Amino acid sequence: MNERDTLKINGRGHLEIGGCDCVELAKEFGTPLYVFDEKYIRDMMRVYKNTIDTEYGGKGLVLYASKAFSCKAMYRIAAQEGIGVDVVSDGELYTAIAAGFLAEKIYMHGNNKLVRELEYAVSVKVGTIVVDSYSEADILDDIAAKAGIVQQVLIRINPGIEAHTHAYVQTARTDSKFGFSIADGTAEKITAHVLAKSHLKLKGYHCHIGSQIFEKQSFALAVNKTMDFISAMKAKLGFEADTLNMGGGFGIWYTDEDAKISVSGYAEYLKALISAVKAKAEELSLNLPYILIEPGRSIVGEAGITLYTAGAIKDIPGIKKYVAIDGGMFDNPRYALYQSKYTALLANRANDKCTEKVTIAGKCCESGDIIAVDVPMPEVKRGDIVAVLSTGAYNYSMASNYNRNFIPASVLAKDGNAQYIIKPQTYEDLVRNDVIPDYLK
């Protein structure tokens, strides 16, 4: 079905992922169900790591962006593949540490890190913290002093690049809650501020221009602006950054409106970035910095699918046909947030020709509870297994218990076998933290 062999149609006309029949998965584990192809995840981690090793002499590190999908199994896979991770909360950090991940290979982000998060990060000896405010630098310096350490940090800067992506996922525009602008001089000021801290060791800079980006030139332009800034700081402050974190943002396929990039094709994006770093370092007489990248969506996005069971079907003549599923915005809020587009098919009748366009609707008591609109499908019948593709990133991680629905379980598929990596919730889980005050008893 695609060159990655993530998805196939077997002899029974059923969709397969990781060698597992999706109809059988639905029977065994129930629906809704998140399913991840372990081989694809590892292949993506390896292509990035191998590209840094071969094209940049290994002078860099791949960091899996936890926010795309965080659970203990993902951190175990990342550790086995020899890469690092980035985290954006104490919850993600705790999960990584609980999975046995090496703290020195963890980078911690966040535009408003809580004091408790910084204290926890220092206590477990997180390798690097990415500073994103003056107050954070001050608080972290004090925490590090009390701990008797010098904490390694990067500063998040904003080069002002407007990549071609959704406005909500552009993070390096001049108007952004993230980072310090190069253009208005605040990036220089925070650099001087951090350099003056006795318990912070400034290693370099972090820059992330957004998500779901397909244009290689966007990354090259960000490199050029960031390297120009590094050169300026060397001249003005006598500080030459030895670490450059260029974030992530590599786009993935959701529908045929998107480019379909092979696993090896992602190496070309990283090669373009590396080439830009080398050229700019030579032009500006700078040392080659240690490079970090933070792919998340491109590692797990296409590795994952969500399986649903079709329920009520409502055909409004001349208007729209709704196919309701047993999931909804509680397991995938991306349409509600971004009007995101998806490809779907019937896992139990994967060879059937598409004869109509339908809107896949969720079960929540919310008119905006939609998963996808105008999706080409065969005629759907109650009980069909609907597979929504490319849901590995920002689905489970953004899920909720809205309407007190269960967050679906997740399974990892490999070589025809599947096991839970996140167990299904129970009614008891939903009420576990509920308390009835004494006066209501």
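1. A nonpolar core, as the term is used in this note, is a set of buried Ala, Val, Leu, Ile, Met, Phe, Trp, Tyr and Cys residues joined through side-chain atoms within 4.5 Å. Buried stands for under 20% relative accessible area, exposed for over 50%, and partly exposed for the range in between, with a 1.4 Å probe and protein chains only. The model is a predicted one, in which local features need pLDDT of at least 70 and side-chain atom pairs count only at pLDDT 80 or more, while totals for chains, interfaces and linings use all residues. Residues are numbered from 1 along each chain as its sequence is written, and side-chain values use heavy atoms, with hydrogens and water left out.

2. The largest nonpolar core has 105 residues, and the members that touch the most others are I41, Y48, Y64, Y205, V300 and V386. Helix α9 (residues 265–284) gives the most to this core, namely nine residues; helices (H or I, at least four residues) and strands (E, at least two) are DSSP runs numbered from the N terminus.

3. Apart from neighbours within four places in sequence, Y64 is in contact (heavy atoms within 4.5 Å) with F69, M74, I83, G84, V85, D86, P295, G296, I299 and V300.

4. In helix α7 (residues 186–195), the buried residues are A187, I190, T191 and V194. These four lie on the same side of α7, because they cover an arc of only 110° around the axis, the arc being that of the directions from the helix axis to the C-beta atoms. Their cover includes α6 (134–147), β9 (151–158), β10 (180–181), β11 (200–206) and α8 (216–237).

5. A222 lies in helix α8 and is buried, its relative accessible area being 1%. When residues up to four places away in sequence are not counted, A222 touches I161, C207, I209 and M246.

6. The structure holds 26 salt bridges, each defined as a side-chain nitrogen of Lys or Arg within 4 Å of a carboxyl oxygen of Asp or Glu. In one of them E81 pairs with R42, with the closest N and O atoms 2.7 Å apart. This pair links distant parts of the chain, since E81 is in the loop between α3 (72–80) and β6 (84–87) and R42 is in helix α2 (residues 38–55), 39 residues apart. Both E81 and R42 are buried, and a network of salt bridges links E38, R42, R46, E81 and K414.

7. Two further salt bridges may be set side by side. The side chains of E136 and K113 meet at 2.7 Å, N to O, and link helix α6 with the loop between β7 (106–108) and α5 (115–123), the two residues being 23 residues apart. E136 counts as buried at 4% relative accessibility, as does K113 at 8%. The side chains of D53 and K49 meet at 3.0 Å, N to O; because they are four residues apart in helix α2, about one helical turn separates them. D53 is partly exposed at 35% relative accessible area, and K49 is partly exposed at 29%.

8. On the surface, I436, Y439 and L440 form a nonpolar patch with about 400 Å² of accessible area together. Patches are made of residues with over 30% relative accessible area and no salt bridge, like charges being joined within 9 Å and nonpolar side chains (Val, Leu, Ile, Met, Phe, Trp, Tyr) within 5 Å; accessible areas come from the Shrake-Rupley method with a 1.4 Å probe, and for residues only the protein chains shown count as cover. L440 lies in the segment after α12 (427–431) and counts as exposed at 55% relative accessibility.
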